[in-house]
Every structure is written in structure tokens, then in C-alpha cells.
Amino acid sequence: MAPVLDPEGAHLGSLRRLAGFDGRSVLEVGCGDGRLTAGLAEEAASILAFDADADAVAAARARLAAERAAHVSFRLGSARQIEIPRTQFDIVVFSWSL
Amino acid sequence: MEREDVVHVLRRFRDALTAGGLMLDLQVIRPNPVVEVAGVDVCEIDGSPLFATADPAAAEIDAMIASGLLVEEARDDHDVRKHFASGAELLDDFEDSRRDVPPEWIPRLLELETRCVVRERCRTRRLRQRG
């Protein structure tokens, strides 16, 4: 068995207590293996999620349910260098990524 | 992330927000992480390598708040758990992490063949773009 981070969903619960994601445009900085992305995609209108780790981005793509994939985009890149549009997102999420 | 990178990244992503948009920043906070076995705390982990990056990031956010670029509206403190099949699996995982198990606990964890958990205290801050 591989280690499992936060199966209780404490991180996602914290984000949901602080913001409503329903219908929002979300930018996720350092998405890792998509642990939070999948949960946010249940409510958000669109998500742009990225990470500098190619294996993590591949895992994030793989874990996303097919019916939610249409409104989630993944990119490979670092927070310092990735190209992002200005004034496009309602919510930016940093998860252990600063 | 280096301090100048934190400043650069925060400003870039603040600019990515629509007017009045939100930043949610999740960071590890004190106290130190703890190893639990069967719901009982068995040892504390040195979290200082983690705090060495989390503290400057929090300080830069505080500076942006002080300069009027962000407004902190709320905080949510919570525990996050990582589950391991055994003490050996935990130690193996920590080889690549910025956390240190006290040396005196390594032999005991290596002998631990039951499930164990690392519990960390985290804080999410809700920050609204301003200006």
C-alpha cells in the first residue's frame, strides 16, 4: 500500500469552508497529482491546474473523472514561469505551493 | 521557493484574478507534525525545514496585506493526515521530504508493523484582491 495523503478530505473541506467554487473560474497553482483538482471540479465552472512535475500532471489527468475533464485544463510548468492570462480567474488556490 | 520567487509569484497570480477575486493559500503551521499510532501520539517530528519556507511565504503575504494589495478575510486551521502501512513506509517516505524524524525514534518506527499516521497542522487563508 502506498502512503495516502488526506483521505479524510481535510484540505478540500477547508477550501470549501472559505470559498464557494460553484460556477467559478479557478486557477490551481501546484496541483500535484490532482488530489484537490478532482474535488474542485465538482463545482467550479472551469479550472486551469498546473505543476512543474510531469509525472504528477499525468497522474492528475488520469484521476479526473471523464465527465469533468471537459472543463479542466492541465499544464506543465513552474509558478514562476508558466504563462497565465491576466484578470481571468475568480479564485487562485495555492496548496503548499509557495 | 526562494523569497524573491514568492514575491514574484504572488504578484503574478494576484494579477491573474478578476477584480475582487480570491486567493486561498494553504500552508503548514506550528506545532510540529506528530506521528500517531492507533490514535495515540507517539512522537513529534521536527518541522523546522518546512517552516523555513512556510514562514517567509506567510510574511510576504502579510507584507502584501500591509501594502493594501490584499485583504485577509478569514483563516481556517485544520489537521491533515498522511497514512502509512508501517513505520518503515513512513521512514521511506520521509527520505524525500522536508521533515525529520527524531533519530531516537527511527529504530522503534522500523519495528512498527501496524498502520501509522503523520498529523500536520495547516492553515488556509482567504485573501481578497484589492486595489
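What percentage of the 98 residues of chain A count as buried? In this predicted model, the share is 38%.

**Chain A**

Chain A contains three helices and five strands, and their order along the sequence is β-α-β-α-β-α-β-β. Its C-alpha atoms occupy a box of roughly 40 × 30 × 30 Å along the principal axes. The radius of gyration of chain A is 13 Å, which agrees with a compact globule, because one of 98 residues would have a value near 13 Å. Counting contacts in chain A between residues at least 6 apart in sequence, 59% link residues at least 24 apart.

**Where the chains meet**

On the side of chain B, 34 residues are in contact with 32 residues of chain A. The elements of chain B that each supply two or more residues to this side are α1 (3-15), β1 (17-28), β4 (70-84), α3 (87-94) and β5 (116-129). Of these, β1(B) gives the most, with 10 residues. By class, this side of chain B has 16 nonpolar, seven polar and 11 charged residues.

**Strand pairing**

| Strands | Sense | Bridges | A bridge pair |
|---|---|---|---|
| β5 (residues 89-95) of chain A and β1(B) | parallel | six bridges | A:F89 and B:L17 |
| β2 (residues 34-37) and β3 (residues 40-44) of chain B | antiparallel | four bridges | B:V34 and B:E44 |

The pair β2(B) and β3(B) makes a hairpin with two residues between the strands. In the turn, B:A38 has a positive phi of about 50°.

Methods. Residues are numbered from 1 along each chain as its sequence is written. Chains are lettered from A and ligands numbered from 1 in the order in which they are written. This is a predicted model: local features need pLDDT of at least 70, side-chain atom pairs count only at pLDDT 80 or more; totals for chains, interfaces and linings use all residues. Two residues are in contact if their C-beta atoms, placed from the backbone, lie within 7 Å. Ala, Val, Leu, Ile, Met, Phe, Trp, Tyr, Cys and Pro count as nonpolar, Asp, Glu, Lys and Arg as charged, and the others, Gly among them, as polar. Two strands pair if DSSP finds at least two bridges between them. The radius of gyration is taken over C-alpha atoms; the globule rule is 2.2 Å times the number of residues to the power 0.38. A residue is buried if 20 or more other C-beta atoms lie within 10 Å of its own, exposed if 12 or fewer, and partly exposed in between; C-beta atoms are placed from the backbone.
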